[in-house]
Amino acid sequence: MSIAWLLERMQQWPERNAIVWHDQAYTYGTLVEQVQAWVEELDRHDVGPGLVVTLEGDYSPNAVSLLLALIARATIVVPLTRSVEAHRDEFIAIAEVQVVISFDDEDGWHLERRALQVSNPLTRNLIDSGHPGLVLFSSGSTGKSKAALHNFTPLLAKFQLPRHSRTTLTFLLLDHIGGINTLFYTLANGGTVVAVPSRDPEVVCRTIAAHQVQTLPTSPTFLNLLLISEAYERHDLSSLDLITYGTEVMPASTLERLHAIFPKVQLLQTYGLSELGILRSKSRDSGSLWVKVGGEGFETKIVDNVLWIRAQSAMLGYLNAPSPFDAEGWMNTQDVVEVDGDYLRILGRHTEIINVGGQKVYPAEVESVLLQMPNVRDVAVLGEANPITGQIVTARFNLFEPEELGAFKRRVRAFCKDRLASFKVPVKITLTEDEQHSARFKKMRKG
Amino acid sequence: MSSGPDFDTLQTLVIATLFEVVEQSNKPVPESVEGSTSLVGKQAVLDSLALVTLIVELEQRLEEEYDVMLTLADDRAMSQKHSPFRTVASLTHYIAELISEEMGRD
């Protein structure tokens, strides 16, 4: 059983808190009991090895213990959350789900069977090997969601090495590689995972203070919202000693402000992909965007300024797209990087680079400048086709207070004059009332 | 059928927008601009980025003021024997042509 080692370890500290959900703590003892109860419940419903099972739920103790039981029973788990409700049926069809187990707000559950044979050869091979599986859907912030199929056994292997026991807030849920990583890191080391009912900065800060959270793994988009809200002024965040950020490029201006406001908190950039798992990383220092990535089980190389990775914990492949791996197992991350010795600086997705008359513009760099303007709450920079310069830079803004568009445009261009090369200055400027980030707090640069 | 803005009104809009774009792009502001003023080329008041900015600005203003959605720079514009982006007057003519097509469609 691929997680026998984890369950044994969890039994070593039955009194410690494993999960805080809806402000209530649940111990490792309770969680282990619930896992046993779920294993029996699954047997009663004839849910066993090789079945594809959707777990629809939050980070509740019941959902987490079901996840562990599903791994123990060698099923293929497809975690889904409410944030992807619009794509639910599509995702269930792609993954060829045979059993749906959904949780309600009170942590009650419902099981439904779907009469269906698994036909995808990737899934069939994994089932034949007898290993548990995991299907994660990419957020599709720049295109169609892809379904990554993992063998759960190698994904969990890296957590066997003991590390620090920490109280960590879960910003990402079980349907995201980051949420999965936080869960297993924490459980394998006797730490506590603290779930939040919403990703509102006020709620997050209140929760950090109430449960003495030490680690906040999050995204630059959320950190921007946190800085704007000033919610950190209204709560005691002295327990916090580590903020990690990843999933998108950090604007230099955001990191600088964050470091000034939280001088004692270590700021660490993380790097991971749903296709590969999360790499170990080390920022040069808290104020630096330079980061070393790698660690046991990961190899990296740079080809034409683009980062390639080979990972032992790599997925088996996509269920709905061609394999992204070359013959030697390397994957092109599409992330363009600068290199300084062992350190990298991530500039942006190759596909998001805007080409203005042959000159490259990285959206994150432009956004970092624009975010420093007074009255700007958020901004998304993207390219638009143009027959004269190939592409033009466009910027879509959210403002705090309404402003007349013409006057605002003049203000933007005046602000950019000494701060950006002229080809990087947004040509098209629009205002929006809509939020420009996904449910996972990742910036959406959609046209 | 409503009739669009007349040529002079449009040319005034083009010139006003042109002045603003030049002012905002660190370029020397010309003393006067008229129909025959070159937009591109040797004696031009704009570089390629400023030209693109002018076009996008005009698209946005025409939409705001006359409620017409035009694409001024596209394959059609680029494949004209004489580019509509040569002078202030040629650009104004091109805009007027596109507007009358748009309005005729209603």
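Trainee: Let's start with H3(A): which of its residues are buried?

Mentor: Keep in mind that this is a predicted model. The buried residues of H3(A) are Pro61(A), Asn62(A), Ala63(A), Val64(A), Ser65(A), Leu66(A), Leu67(A), Leu68(A), Ala69(A), Leu70(A), Ile71(A) and Ala72(A).

Trainee: What follows the helix?

Mentor: Ala74(A) follows H3(A), and its phi is positive, near 55 degrees.

Trainee: OK, cores next. Which residues touch the most other members of the largest nonpolar core?

Mentor: Those are Ile19(A), Val53(A), Leu55(A), Leu67(A), Val77(A) and Val135(A), in a core of 102 residues. Your helix matters for the tally here: H3(A), residues 61-72, supplies the largest share of this core, with nine residues. There is also a second, separate core of 43 residues, whose members include Ile392(A) and Phe423(A) as well as Leu46(B) and Val56(B).

Trainee: Back to Ile19(A). What is it in contact with, leaving aside neighbours within four places in sequence?

Mentor: Ile19(A) is in contact with Tyr26(A), Leu31(A), Pro61(A), Val64(A), Val193(A) and Ala195(A). Pro61(A) and Val64(A) are on your list of buried H3(A) residues too.

Trainee: Switching to strands: how many residues of S8(A) are buried?

Mentor: Five of five, for a strand that runs over residues 147-151. Both of its faces are covered. Ala147(A), Leu149(A) and Asn151(A) are buried on one side, with Ala148(A) and His150(A) buried on the other.

Trainee: Which strands does S8(A) pair with?

Mentor: S7(A), residues 133-137, pairs with S8(A) in the antiparallel sense over five bridges, and there Leu134(A) stands opposite His150(A). S19(A), residues 317-318, also pairs with S8(A) in the antiparallel sense, over two bridges. In that pairing Leu149(A) has Gly317(A) as its bridge partner.

Trainee: What about S20(A) and S21(A): how many bridges join them, and are they parallel or antiparallel?

Mentor: Six bridges, and the strands run antiparallel. One bridge links Asp340(A) with Tyr343(A) in S21(A). The two strands form a hairpin with two residues between them, and in the turn Gly341(A) has a positive phi of about 60 degrees.

Trainee: Where does S18(A) come in?

Mentor: S18(A), residues 306-311, pairs with S20(A), residues 331-340, in the antiparallel sense over three bridges. Val306(A) has Val336(A) in S20(A) as its bridge partner.

Trainee: Zooming out, how many helices and strands are in chain A?

Mentor: Chain A has 12 helices and 26 strands. Its radius of gyration is 22 Å, close to the 22 Å that the globule rule gives for 447 residues, so chain A is as compact as a globular protein of that length. Along the principal axes, its C-alpha atoms fill a box of roughly 70 × 50 × 45 Å.

Trainee: And what percentage of chain A is buried?

Mentor: Buried residues are 47% of its 447 residues. As for contacts in chain A with a separation of 6 or more, 66% are between residues 24 or more positions apart.

Trainee: Great, thanks for the tour!

Methods
Residues numbered from 1 in each chain as written. Chains lettered and ligands numbered in written order. Predicted model: local features only at pLDDT ≥ 70, side-chain atom pairs only at ≥ 80, totals over all residues. Core = buried A, V, L, I, M, F, W, Y, C linked by C-beta atoms within 7 Å. Buried ≥ 20, exposed ≤ 12 C-beta atoms within 10 Å, placed from the backbone. Helix = DSSP H or I, 4+ residues; strand = E, 2+ residues; numbered from the N terminus. Contact = placed C-beta atoms within 7 Å. Pairing = 2+ DSSP bridges. Rg over C-alpha atoms; globule rule 2.2 N^0.38 Å.
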